[in-house]
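Here's a quick walk through one protein chain, from the overall layout down to individual residues. Have the viewer open as you read.

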Amino acid sequence: MENQFVLTAVLHKVGTVRYSPSGVPILDVVLQHSSRQQENGIWHQVKFELPAKIIGQNAQAWQQKAGETVTVRGFLTQKSMRQFSPMLHIQHITEYKG
């Protein structure tokens, strides 16, 4: 089954890097998106925030980048074993060049 997600958004909130028990860096962020999307011939204003995490070497590189517009690719999963709301696991992140 497919589970690939691509989004251009602002790094609205950026946490502090923490480390897994095995020493892997993890950075929790909140992405803020705003755009106009067409559906069935009608334009809609779309706005939302999406929690996400960056795991691995990119976590440290993006820790000081709050406010940057980025394009992210990754997959959606549930936030935790007991919280079923979606969270994006970012596998690739780049600065958006417009």
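What follows covers the fold, the strand pairing, the core and a handful of residues.

## The big picture

First things first: this is a predicted model. The protein has 1 helix and 6 strands, and if you read along the sequence you get the pattern β-β-β-β-α-β-β. The C-alpha trace spans about 50 × 30 × 20 Å along its principal axes.

There are 98 residues in the protein, and 30% of them count as buried. As for how the chain folds back on itself, take the contacts with a separation of 6 or more: 54% of them are between residues 24 or more positions apart.

Let's start with E5, which covers residues 69-78. On one side of the bookkeeping, E1 and E5 run antiparallel and are joined by 6 bridges; Ala 9 stands opposite Val 70 of E5. E5 also pairs with E6, again antiparallel, through 9 bridges.

E6 then has a link to E4. Here the strands run parallel, and 3 bridges join them. Ala 52 is bridged to Leu 88 in E6. Put together, the pairings take you from E1 to E5, from E5 to E6 and from E6 to E4.

## The nonpolar core

Which residues have the most contacts inside the largest nonpolar core? They are Leu 31, Ile 54, Val 72, Ile 90 and Ile 93, in a core of 17 residues. The elements giving two or more residues to this core are strands E1 (5-14), E3 (25-39), E4 (42-55), E5 (69-78) and E6. As a general point, nonpolar side chains tend to be buried together in soluble globular proteins.

Leaving out residues up to four places away in sequence, Ile 54 touches Pro 25, Ile 26, Leu 27, Val 29, Ala 59, Trp 62, Ile 90 and Ile 93. Two of the residues named there, Ile 90 and Ile 93, are also on the list of those with the most contacts inside the core.

Now look at Lys 53, which sits in strand E4. Is Lys 53 buried or exposed? Its relative accessible area is 14%, so Lys 53 is buried. Setting aside neighbours within four places in sequence, Lys 53 is in contact with Arg 18, Ile 26, Leu 27, Asp 28, Met 87, Leu 88, His 89 and Ile 90.

His 89 turns up in that list, and its own place is in strand E6 (residues 86-95). His 89 counts as buried because its relative accessible area is 18%, and the cut-off for buried is under 20%. Beyond residues up to four places away in sequence, His 89 touches Lys 53, Ile 55, Arg 73, Gly 74, Phe 75 and Thr 77.

## Out towards the solvent

Asn 40 lies in the loop between E3 and E4. Its phi is positive, about 55 degrees, although Asn 40 is not a glycine. With 77% relative accessibility, Asn 40 counts as exposed.

Gly 23 is in another loop, the one between strand E2 (18-19) and E3. Gly 23 is partly exposed, at a relative accessible area of 44%. Its C-alpha is 27 Å from that of Gly 67, which is 44 residues apart from Gly 23 along the chain.

Lys 13, found in strand E1, is partly exposed as well, with a relative accessible area of 46%. Lys 13 and Val 30 are 17 residues apart in sequence, yet their C-alpha atoms are 4.9 Å apart. Past residues up to four places away in sequence, Lys 13 touches Asp 28, Val 29 and Val 30.

## Rings and charges

How many aromatic pairs does the count give? The count comes to 0. There is a charge over a ring, though: the charged end of Lys 65 sits over the ring of Trp 62, 5.4 Å from the ring centre. Trp 62 is also one of the residues touched by Ile 54.

Definitions and conventions: Residues are numbered from 1 along each chain as its sequence is written. This is a predicted model: local features need pLDDT of at least 70, side-chain atom pairs count only at pLDDT 80 or more; totals for chains, interfaces and linings use all residues. Side-chain values use heavy atoms; hydrogens and water are left out. Rings of Phe, Tyr and Trp (its six-membered ring) pair if their centres lie within 6.5 Å; planes under 30 degrees apart count as stacked, over 60 as edge-to-face and the rest as tilted. A charge sits over a ring if NZ of Lys or CZ of Arg is within 6 Å of the ring centre and within 35 degrees of the ring normal. Helices (H or I, at least four residues) and strands (E, at least two) are DSSP runs, numbered from the N terminus. Buried means under 20% relative accessible area, exposed over 50%, partly exposed in between (1.4 Å probe, protein chains only). Contact means heavy atoms within 4.5 Å. A nonpolar core is a set of buried Ala, Val, Leu, Ile, Met, Phe, Trp, Tyr and Cys residues joined through side-chain atoms within 4.5 Å. Two strands pair if DSSP finds at least two bridges between them.
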